[in-house]
Amino acid sequence: MSCRGAGCGVKVTAGAANGRGERAGRGGSVRISNQHNAGARGRQAAVFKMTELDADLDHIIPASVLPPFWAKLVVGFVSLVCFARSYDGDFVFDDSEAIINNKDLRADTPLGDLWHHDFWGSRLSSNTSHKSYRPLTVLTFRINYYLSGGFHPMSFHVINILLHGGISVLMVDVFSVLFGGLQYTSKGRRLNLAPRSSLLAALLFAVHPVHTECVAGVVGRADLLGALFFLLSFLGYCKAFRETGNKEGTHSTFWVLLSILLGAVAMLCKEQGITVLGLNAVFDILVIGKLNVLEMVQKVLHKDKSLEKTGILRNGGLLFRMTLLASGGAGVLYMRWKIMGTGPPAFTEAINYNYYYSLNAWLLLCPWWLCFDWSMGCIPLIKSAGDWRVTAPVALWLCLIGLICQALCSEDSHRRRILTLGLGFLIIPFLPASNLFFRVGFVVAERVLYLPSAGYCMLLTFGFGALSKHTKKKKLVAAVVLGILFINMLRCMIRSGEWRNEEQLFRSALSVCPLNAKVHYNVGKNLADKGNQTAAIRYYREAVRLNPKYVHAMNNLGNILKERNELQEAEELLSLAVQIQPDFAAAWMNLGIVQNSLKRFEAAEQSYRTAIKHRRKYPDCYYNLGRLYADLNRHVDALNAWRNATVLKPEHSLAWNNMIILLDNTGNLAQAEAVGREALELIPNDHSLMFSLANVLGKSQKYKESEALFLKAIKAHPNAASYHGNLAVLYHRWGHLDLAKKHYEISLQLDPTALGTKENYGLLRRKLEQMQKKNV
């Protein structure tokens, strides 16, 4: 069969045969080192089969787009079109914690702290740390924040879309190696001997809808960066064999070491990045070392004496590279363990994990039902062998066993290599998320399929080639392939739109995972943020019904009920929340607020103290504790509590204000003035602090300074009736009666029900009338 397209028209030297003696191409003659092209007959069969497989896709991939530049241009363009709709989306779901609330993005946080904090900005040594160690990803967020001048989501989204485009383009090179093997020209240019296969697989990868979470969600950048350096590490490892000549077992140690370094960088972006070293080892053994696993197993079983003469066992270069990869991986993992530590693994029933694997496989196969979160009842546990869902893991393992048998037992060396590498790319990057070696915080997550989907796309492309070869209805196969690409592109666009804001994202999950308590919780939270408390209560109640131990839903529902003065039910919910999770500091604080409202002061104080015990740096809790002490006339304790709040959070305006007001009301004007000035130095534009300090200065007869602060506060908040009313009182005392009359009237226009202002205005009018009578 003829071999058309880029990379096929070359003359192969070093004894290699490629079918039908084509002409030498522009890159010069091909120099193939013996360690991965041993045996003239083997080389001839392998290359012939490879070009034959690629030619089977001729009716699907036109020759006009096969040159590398055009192939990469098409893949890059398609990948950008799929997810372009998310470019102007909001920060959604986990973006709030990883971006907006992450202090590591701000300039006042030392860069060195990034190496001691987790992905969410918490110290790794903290008991509440998520242990997600991705400092390089956080660093890119920080650069994004600095260059865009704040939390402007568009710049964050654009970077994610461009990263996916770049990764998709790199996939063309990666797939060309996986499908076509490693062959270089005399000038060191790598040949793409599978242009159609690599292009189709890259297109399938670029348009896969399961990637939407990584691209449209800003926190997905961890997966994107991890994938980017994963691929660069793999391609770098391939370059280790670019200039090795015909010497068996030779390589460039520099490129091997650089590949290990890039693998470490990938791990510092996302944990699964380190698995590239395992993939490099598999590639080296199968492609470079040309290991036939089945043949070696047979020799071991039959105690064949020729086993001792097997080339791979005597290949010093291969053993040296395996040693480098193993020691490099172990060193990187040890350093990571030293930095962040580890905990004991925990496992659930194996049958459920196998079911989760089948769901991940289904998401790759049919990515139509997508959800931002698959936890909390979204996937009910399998509790007996009679559950019909047991058939899903059985089907998965039958498929995997069939593919593994083909990968090991096929007489076609090219098929063995492609299936083994495809399975390797599918399984190896997924291992950190498999719960086999350590417990992870999820059971199914679309983001962890970003890299494994490359292996799936490779196997799917191989399947299309095999199907095309064995059927006469080639146009039907082409139509199916094009249909899959089109439908996936459409699904990517729709799903990207759903990720643009939280309301659409959360509501889209209701039809996919109606039993997921977290979905109902997030819909409720979104409604509560918009002020729709009635609807929010309904979703929070459903979340608690679905998961009776969902403490965060109980806490939020309790807060809303507290605001609606339904205090008894609020107390019951919050008490249950802290009973289920005794270290839930926020719930303890909210329980204290409810108990304070119920006049149960001792219980409230105990709740506040418990909250502070579990979260020592809790300024809001100190503020509420101070309010409790103020209600009990324990003024010194109240001032101390509010002072603690301002120490922990210097911009805590409410705590500063309460200190000024309490000192003012108890006659400590000098101390109140000092606290007010201290507060304004820290928060110079806070109009409520200006107002409180202006009142103190007025009582101290510092009328001019008091007037300036009142006017500044009114300029910042002109519709505050109390600001005009108290300024009128100042003018009244000062003797500027016309100005006092003017501001009394403005205050009463803004709030006609203010009794104090009415009374003061009446006194002023009587005084003005008396003055008029005297003048007459």
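Predicted model: local features only at pLDDT ≥ 70, side-chain atom pairs only at ≥ 80, totals over all residues.
## The chain as a whole

The protein chain contains 33 helices and two strands. Of its 776 residues, 52% count as buried. The accessible surface of the chain comes to about 36,200 Å², and carbon and sulfur atoms account for 59% of that area.

Contacts within the chain can also be sorted by separation in sequence. Among those between residues at least 6 apart, 65% join residues that are at least 24 apart.

## The second largest pocket

The second largest pocket has a volume of about 1,300 Å³.

By class, the lining is made up of 39 nonpolar, six polar and one charged residues.

Side chains of opposite charge can pair when their charged atoms come close. The whole structure holds 25 salt bridges. One of them joins Arg-447 to Glu-213, with the closest N and O atoms 3.1 Å apart. The two residues are 234 apart in the chain: Arg-447 sits in the loop between H15 and H16, and Glu-213 belongs to helix H7 (residues 212–216).

The partners fall into separate accessibility classes. Glu-213 has a relative accessibility of 8%, so this residue counts as buried, because the cut-off for buried is under 20%. Arg-447, with a relative accessible area of 24%, is partly exposed.

## A salt bridge between Arg-564 and Glu-566

Another salt bridge is formed by the side chains of Arg-564 and Glu-566, at 3.6 Å from N to O. Arg-564 is partly exposed at 35% relative accessibility. Glu-566 is also partly exposed, with a relative accessible area of 31%.

## A salt-bridge network

Arg-677 pairs with Glu-705 in a salt bridge whose closest N and O atoms are 2.7 Å apart. Arg-677 lies in helix H28 (residues 669–682) and Glu-705 in helix H30 (residues 703–716), so the bridge ties together parts that are 28 residues apart in sequence. The relative accessibility of Arg-677 is 31%, which places this residue among the partly exposed. Glu-705 is partly exposed as well, at 33%.

This pair belongs to a network. Through salt bridges with shared partners, Glu-673, Arg-677, Lys-702 and Glu-705 are joined together.

Conventions. Residues numbered from 1 in each chain as written. Heavy atoms only, no water. 1 Å grid on protein atoms, 1.4 Å probe; cavity = no way out; pocket = protein on both sides within 12 Å on 5 of 7 lines; lining within 4 Å. Points joined across faces, edges and corners; volume = space filled by probe spheres on them. Nonpolar A, V, L, I, M, F, W, Y, C, P; charged D, E, K, R; others polar. Helix = DSSP H or I, 4+ residues; strand = E, 2+ residues; numbered from the N terminus. Buried < 20%, exposed > 50% of the residue type's maximum accessible area, 1.4 Å probe, protein only. Contact = heavy atoms within 4.5 Å. Areas by Shrake-Rupley, 256 points an atom, 1.4 Å probe, with all protein chains shown as cover. Salt bridge = Lys/Arg side-chain N within 4 Å of Asp/Glu carboxyl O.
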